[in-house]
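Me: I would like to go through this model in some detail, with the cut-offs spelled out as we proceed. Could you take my questions in turn?

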Amino acid sequence: MSNAHIQKQSPYRWVIVAAGGLLGCIAIGAMFSLPVFLRPISEETGWSVTGVSSAMTIGFIAMALASMIWGSLSDRWGPRLVVSIGSAVLAAALALASQATSLIEFQLVFGLAVGGATAAIFAPMMACVTGWFDTQRSLAVSLVSAGMGMAPMTMSPFAAWLVTIYDWRTSLLIIAALTGAVMIPVALLVRRPPALESQNAVASSDGERSDMSVAQAVRSPQFIILFLTNFFCCATHSGPIFHTVSYAISCGIPMIAAVSIYSVEGLAGMGGRVAFGLFGDRFGAKRVLVSGLLLQAFGALAYFFVRDLGAFYAVAAVFGFIYAGIMPLYAVIARENFPLRMMGTVIGGTAMAGSLGMATGPLAGGLIYDTFASYGWLYIGAWGIGIGAFLIALTFRPFPKANAEPAPLPA
């Protein structure tokens, strides 16, 4: 046990964190380059902005459906193989999307293939990282998430710079080449957690839940509550994330200034991820998650009351800090409650819920604006959904722990 523990806490665990952060940054950044290319694609091809944008919605749905599949495969094959396949498929899909000759071809390739391949990074890497850490687990998962959060501040400006020099097809092809050149070698650094290297270690690391099957896990109240909480949590912040720039413009704020609200939200989110990771290690992941969900609901509602740029910046900073901070905690709670050997499946399941929640915001916000000619009800609705996420999370009860010490034998 002590040997396994020393291995598990070896310095290599930080290599896994760095690899996860870099892989996530490039994968998420490649997928989220689409908003940057939106206008150039539409202007050059004549495809509608709505048609090109819908590739992103298809991408979210593909991510959702693929998350649990990739997670389960990483449990079976190990994360290195799954992440390597995902990296190769992502690079190929981006290259194919750059050559698409029809809108439907672009939607299918970018949406299904890029979205599905991106999902091969998140759940397997989160599951892998949770297995490498006994202590500082919340911080480690949050640092991987912070790497993914770097995408809008690195890959998006890079895409914007490329498209000022080349056409969108060449730009997307360069991003595809970069993705393959960086991600495939980095994926080879990924290793299984030492606790999974032997069957005996699997049993000991899973403790009293070592006999739990995957079917029992996904039917358990603990999994269902995590799934629902993640869905409602992401549905809470999805609409505000997607529509706040449009809302700010409708309040009379110039486009460039309105877009900068995103940057404030993103920067605050970086700090939130690290801070909530430290809070999770200090006070417990569940307690911090529940508190964060309540604050997130009121953070969304706060947008309803703002009209000038300074107020938008203030709310964006608070809202970004909170919603980005709470997201990594789901993986930590999953690791605390389910066997390590099925972590990919469990985290993939909660990631699926999150992606479905994210897919609701753009559509709901658009419908609300078209109906009321105002975004007000979007933020009131987000507050209500956020309170729902908070109430669901309150009902979470960890699996009962077996008694640590057996009763002494009679003399």
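Me: Which residues make the nonpolar surface patch of about 480 Å²?

Reply: This is a predicted model, in which local features need pLDDT of at least 70 and side-chain atom pairs count only at pLDDT 80 or more, whereas totals for chains, interfaces and linings use all residues. Residues are numbered from 1 along each chain as its sequence is written, and side-chain values use heavy atoms, with hydrogens and water left out. A patch is built from residues with over 30% relative accessible area and no salt bridge, joining like charges within 9 Å and nonpolar side chains (Val, Leu, Ile, Met, Phe, Trp, Tyr) within 5 Å, with areas from the Shrake-Rupley method using a 1.4 Å probe and, for residues, only the protein chains shown as cover. The nonpolar patch is made by Ile249, Met255, Ile256, Val259 and Tyr262.

Me: Which helix gives the most to the nonpolar patch?

Reply: Helices here are DSSP runs (H or I, at least four residues), numbered from the N terminus. Tyr262, one of the patch residues, lies in helix α13 and counts as partly exposed at 34% relative accessibility, where buried means under 20%, exposed over 50% and partly exposed in between (1.4 Å probe, protein chains only). With four residues, the helix that gives the most to the patch is α13 (residues 255–283).

Me: How many of the 30 residues of α6 are buried?

Reply: Helix α6 spans residues 103–132 and reaches 43 Å from its first C-alpha to its last, close to the 44 Å expected at 1.5 Å a residue; that expected span is 1.5 Å times one less than the number of residues. The helix is largely enclosed by the rest of the structure, because the number of its residues that are buried is 23.

Me: Is Gln296 buried or exposed?

Reply: Gln296 lies in helix α14 (residues 285–302). Leaving aside residues up to four places away in sequence, Gln296 touches Cys233, Thr236, His237, Phe319, Ile322, Tyr323 and Ile326, a contact being heavy atoms within 4.5 Å. Its relative accessible area is 0%, so Gln296 is buried.

Me: Which residue forms a salt bridge with Arg169?

Reply: The structure holds two salt bridges, each defined as a side-chain nitrogen of Lys or Arg within 4 Å of a carboxyl oxygen of Asp or Glu. In one of them, Arg137, which is buried at 13% relative accessible area, pairs with Asp134, the closest N and O atoms being 4.0 Å apart. For Arg169 the closest N and O atoms are 3.9 Å apart, and the partner is Glu44. The pair links distant parts of the chain, 125 residues apart, with Arg169 in helix α9 (residues 168–187) and, in helix α3 (residues 34–45), Glu44.

Me: What is the phi of Ala373, in the loop between α17 and α18?

Reply: Most residues other than glycine have a negative phi. Gln136, in the loop between α6 and α7, has a positive phi although it is not a glycine. Ala373, which counts as exposed at 59% relative accessibility, is not a glycine either, and its phi is positive, at about 55°.

Me: Where does pLDDT stay under 50?

Reply: The chain averages a pLDDT (the predictor's confidence in each residue, from 0 to 100) of 86, and 92% of the residues score at least 70. One stretch under 50 has eight contacts beyond four places in sequence and covers residues 200–205, while another has nine such contacts and covers residues 1–8.

Definitions and conventions. Helices (H or I, at least four residues) and strands (E, at least two) are DSSP runs, numbered from the N terminus.
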